[in-house]
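User: Please pick one part of this structure and take a close look at it. Where would you start, and what lies around it?

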Amino acid sequence: MAALPVYRWRLAPDGYATRRQLRARNLRPGGQDVAAQLERPRRRRGPLVAYLYRVDLALPVRPMTPGRWAALAKANAARRICPTCRRDAGYVIPTSLGMCVPCAYPDPHASEGNT
């Protein structure tokens, strides 16, 4: 296998794009192999690497079907349900907590009647 061409950060020739740049143009790599890579040097560590794909071989992004929209909505709704109290938190449950904020940090004064 031949080595990939390596370009310095911001110096890649026209006709190459990263995945994000392809997505911004409503394109996807479409099964093609990585064509080149960018390297951004850093001090005391290895360089940051970004893989580049050829724009002329990229394919259009597949459209969302009603089934995909439904599956995405169901997955997002599941991320809002607290596994402890089984209520919709109204926001995506933080993975660092694993439960909604009221379950993670219960109010110690909630059982006392505030009058």
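Analyst: Contact means heavy atoms within 4.5 Å. This is a predicted model, where local features need pLDDT of at least 70, side-chain atom pairs count only at pLDDT 80 or more, and totals for chains, interfaces and linings use all residues. Residues are numbered from 1 along each chain as its sequence is written, and side-chain values use heavy atoms, without hydrogens or water.

Start at valine 55. Set aside its neighbours within four places in sequence, and Val55 is in contact with Gly15, Tyr16, Ala17, Leu22, Arg25 and Leu27.

Ala17 stands opposite Tyr53, a residue of β5. Strands are DSSP runs of E, at least two residues long. Two of them pair if DSSP finds at least two bridges between them. β2 and β5 (residues 48-54) pair antiparallel, over two bridges.

Finally, step back to the open sheet. Its four strands run in the order β1-β4-β5-β2, and the pairing is mixed. β1 (6-8) and β2 (16-17) are at the edges with a single partner strand each, so one side of each has no neighbour in the sheet. For β2, that edge strand includes Ala17, the residue opposite Tyr53.
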